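This briefing is meant for a reader who is meeting the structure for the first time. Please look over the sequence and the model before going on to the notes that follow.

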Amino acid sequence: MSHALGEETKAEPNLVPLLDLVFQLIMFFMITMNFVSAQLSEDIKLPIAQSARAMDRAEAEVLVLNMEASGKLQVVGQPRPLATLGDKRFYLRQYYLDAKRTAEEQGDRHGRVKTTVIIRADRNANYEDVFELMALCKEVGFRKLQLRAYTQMGG
Amino acid sequence: MPVTRNKPGGVEPEINQVITPMLDLAFQMLIFFIINFHPSQLEEGQMNLTLPDSAQAQAAKPEQADPVNSLPGDLELPAEITVLVHTRHSGNAQGDIGDIMVQESQGQHPVGDNAQNLRKYLEKARVGLGNQNDIKVQADSKLKYAYVMEVMDMCTRAGFRNVSFGPPPDLAKE
């Protein structure tokens, strides 16, 4: 790389445009990335609903419940899906009490739980199981509930 | 940043920006984000719903609902119109829509087995209602969730804002 001889021409690749492109791609993937996605199960095939609205990402506290076609519930932090009504009730109640305690510690005297429960049920699940879960959420004390669906056939 | 020369009139020192490690890092990040990228999540949308009435769920029949056990806000704005969805119980069609009935104050009206017809019917029926926002869906216990969502979709598109769910009527009979 010395210029002493004055004859050699430099053959360095110009990496700057490549780097620009790579950063553009990184920006794209960062923006589209959903950090809640750890809670979303990929093997759930959601139903399709054209009137489903775009997701509201402002919700800070969410609990995602993934329901398999068999009615079992996949939740974060549980190695096995919750199968029985008793297990589901126990899990939801524990979660609710934890959320309530956190709210109280943060200065809300009434301990109001702001958690939104998101139900992602498989399209082949029975209505019975989905209804049971919704009723359970209400029984435990959650006030905000949301269903998920694909907005188009692509799902 | 001023560039100083070592010796006046001597060989200019090369200012090499070392961008290779930066590029390495950028590729690492790129790979991380590509792996975590699931395009299907971009198509996901949300449907808000009114919570089912817990007192009704326990009572299994709306008439038996105990107002005392209800949570605040439960029995407000009762829906004047209920969509009953019955399912098929045989063979391959297990869990499909069998027939749809719309229950109004005047009685029940069959709508057939097509959700599109339901939408047309609801759009007409909604005009005469006092409460044009609330509707209740009660489906058979074995109906597939995909069809429940289809019916909910039709109710929303017919103009009802709050769709709530009632207990499966076939379980209540048992």
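How many residues of chain B are in contact with chain A, and with how many residues of chain A? In this predicted model, 44 residues of chain B are in contact with 48 residues of chain A. The points below take the two chains in turn, together with what joins them.

**The two chains in outline**

- Chain A has 3 helices and 5 strands, and along its sequence these elements follow the pattern α-β-β-β-α-β-α-β.
- Chain B has 5 helices and 6 strands, which come in the order α-β-α-β-β-β-α-β-α-β-α when the chain is read along its sequence.
- Of the 155 residues in chain A, 28% are buried, and buried residues make up 28% of the 174 residues in chain B.
- Among contacts in chain A with a separation of 6 or more, 71% are between residues 24 or more positions apart, and in chain B 59% of the contacts between residues at least 6 apart in sequence join residues at least 24 apart.

**Where the chains meet**

- On the side of chain B that touches chain A, the elements that give two or more residues are α1 (20–35), β1 (44–48), α2 (54–59) and α4 of chain B.
- The residues on that side of chain B divide into 27 nonpolar, 10 polar and 7 charged.
- Strand β5 of chain A, residues 144–150, pairs with β1(B) in the antiparallel sense over 5 bridges, and A:Arg148 stands opposite B:Gln46 in β1(B).

**The nonpolar core**

- The largest nonpolar core has 57 residues, and those with the most contacts inside it are A:Ile119, A:Val130, B:Val85, B:Val137, B:Val148, B:Val151 and B:Cys155.
- Helix α4 of chain B, residues 145–157, gives the most to this core, with 9 residues.
- In soluble globular proteins, nonpolar side chains tend to be buried together.
- A:Val130 is in contact with A:Met67, A:Ile119, A:Ala121 and A:Ala125 as well as with B:Tyr145 and B:Val148, once its neighbours within four places in sequence are left aside.

- B:Asp153 lies in helix α4 of chain B, and it counts as buried because it has 21 C-beta neighbours inside 10 Å, where 20 or more are needed.
- Not counting residues up to four places away in sequence, B:Asp153 touches A:Ala49, A:Gln50 and A:Ser51.
- From B:Asp153 to B:Val163 the C-alpha to C-alpha distance is 9.4 Å, while the two are 10 residues apart in sequence.

**Strands of chain A**

- Strand β2 of chain A, residues 62–67, is mostly covered, since 5 of its 6 residues are buried.
- β2(A) pairs with strand β4 of chain A, residues 116–121, in the parallel sense over 6 bridges, and within β4(A) the bridge partner of A:Met67 is A:Ala121.
- β2(A) also pairs with strand β3 of chain A, residues 73–74, this time in the antiparallel sense over 2 bridges, with A:Asn66 opposite A:Gln74 in β3(A).
- β2(A) and β3(A) form a hairpin with 5 residues between them, and A:Gly71 in the turn has a positive phi of about 95°.

**Helix packing in chain A**

- Helix α2 of chain A, residues 85–105, and helix α3 of chain A, residues 127–140, pack at an angle of about 40° with their axes 10 Å apart, and α2(A) passes α3(A) in a right-handed crossing.
- To this contact α2(A) brings A:Leu85, A:Lys88, A:Arg89, A:Leu92, A:Arg93 and A:Tyr96, while α3(A) brings A:Glu132, A:Leu133, A:Leu136, A:Cys137 and A:Val140.
- These contact residues divide into 7 nonpolar, no polar and 4 charged.

**The sheet of chain B**

- An open sheet of 5 strands in chain B has the order β4-β3-β2-β5-β6, with mixed pairing.
- The edge strands are β4 (107–112) and β6 (162–165) of chain B, each of which pairs on one side only, and the twist averages 25° from one strand to the next.
- Strand β3 of chain B, residues 97–104, runs antiparallel to β4(B) and is joined to it by 5 bridges, with B:Ile100 standing opposite B:Gly112 in β4(B).

Terms used. Residues are numbered from 1 along each chain as its sequence is written. Chains are lettered from A and ligands numbered from 1 in the order in which they are written. This is a predicted model: local features need pLDDT of at least 70, side-chain atom pairs count only at pLDDT 80 or more; totals for chains, interfaces and linings use all residues. Axes are lines fitted to C-alpha atoms, for helices over the stretch in contact, and angles run from 0 to 180 degrees between N-to-C directions. Helices (H or I, at least four residues) and strands (E, at least two) are DSSP runs, numbered from the N terminus. A crossing is left-handed if the near helix is turned anticlockwise from the far one by less than a right angle, and right-handed if clockwise. Two residues are in contact if their C-beta atoms, placed from the backbone, lie within 7 Å. Ala, Val, Leu, Ile, Met, Phe, Trp, Tyr, Cys and Pro count as nonpolar, Asp, Glu, Lys and Arg as charged, and the others, Gly among them, as polar. A nonpolar core is a set of buried Ala, Val, Leu, Ile, Met, Phe, Trp, Tyr and Cys residues joined through C-beta atoms within 7 Å. A residue is buried if 20 or more other C-beta atoms lie within 10 Å of its own, exposed if 12 or fewer, and partly exposed in between; C-beta atoms are placed from the backbone. Two strands pair if DSSP finds at least two bridges between them.
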